[in-house]
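Me: I have a structure to look at. Can you take me through the terms?

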Amino acid sequence: AFTTRPDTVCGVTYVSIAPEHPDLDLFLDYSEKKYDILSFVEETLNQSTIDRSDVTKTKNGKWLGVYALNPVTNDRVPLYVADYVLMEYGTGVVMAVPAHDERDFTFAKAHQLPINVVIQPEGDDLELSLTQAYTGDGKLVHSNQFDGVNNHDAKKEITQFLISRFYYSFKFFFF
C-alpha cells in the first residue's frame, strides 16, 4: 500500500484499491457481491480522473470481502475498491487514515468505518472534537512504541522500523 504519511500508519482503518488496478480481480472471488462490485467499477471508470479526485464530491466504494493486515499494529482492516483512488497515484493501493486525510474521512463517515486519531496537536484532544480530518502537526498517540514522537520525526522512525521488519518491503498482507 502507498502512503505519503508513514507517521499515520497506526491510524489505518481501511485500505483502498483503484478500480482499474490489475490485481483487483484477485480479490473479487472473495466477495459475496462480485457483480455489484463489477458494476461499481464500470460506473467509476466512466468518470473522468478530475471528477474522481474532486475533494468536494462524495467518496464511494465497495468492500471486497477481504482484509489487509497493518504491518505496524497487526490490526485487520477491510479492503475497499474506491472511486477516489487513482492508479496513477502511488501503487494504486493506499492506506486510509480517516482522522488525518479529508478524502479518507469522508469515505469512512459514509461507510461507518472507525476513525482513529494518531496525531494530537499540542494542548488539544481531537478525539473529543473531531468533526473533520486533522492534517496538521503534533505528537503521535495510539501509535505503540512511537507515542509521544513528533510526527515529522515519526515519519523517519516508522519508515526505518518497516524497512528493518520487511527488508525494504512496505506491504499490507491480505487474507
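Reply: Start with helices and strands. They are DSSP runs, numbered from the N terminus: helices are H or I with at least four residues, strands are E with at least two. Gln112 lies in the loop between α4 and β5 (119-120). This is a predicted model: local features need pLDDT of at least 70, side-chain atom pairs count only at pLDDT 80 or more, and totals for chains, interfaces and linings use all residues. Residues are numbered from 1 along each chain as its sequence is written, and side-chain values use heavy atoms, with hydrogens and water left out.

Me: Why does Gln112 count as exposed?
Reply: Buried means under 20% relative accessible area, exposed over 50%, partly exposed in between (1.4 Å probe, protein chains only). Gln112 has 74% relative accessibility, so Gln112 counts as exposed.

Me: Why does Asn74 count as partly exposed?
Reply: Asn74 has 43% relative accessibility, so the label is partly exposed. Asn74 sits in the loop between β2 (61-69) and β3 (76-82).

Me: What is the phi of Asn74?
Reply: Near 65 degrees, a positive value in a residue other than glycine. Gln112 also has a positive phi, near 55 degrees. Most residues other than glycine have a negative phi.

Me: What makes nine residues in the lining of the largest pocket nonpolar?
Reply: Their type. Ala, Val, Leu, Ile, Met, Phe, Trp, Tyr, Cys and Pro count as nonpolar, Asp, Glu, Lys and Arg as charged, and the others, Gly among them, as polar. The lining also has five polar and four charged residues.
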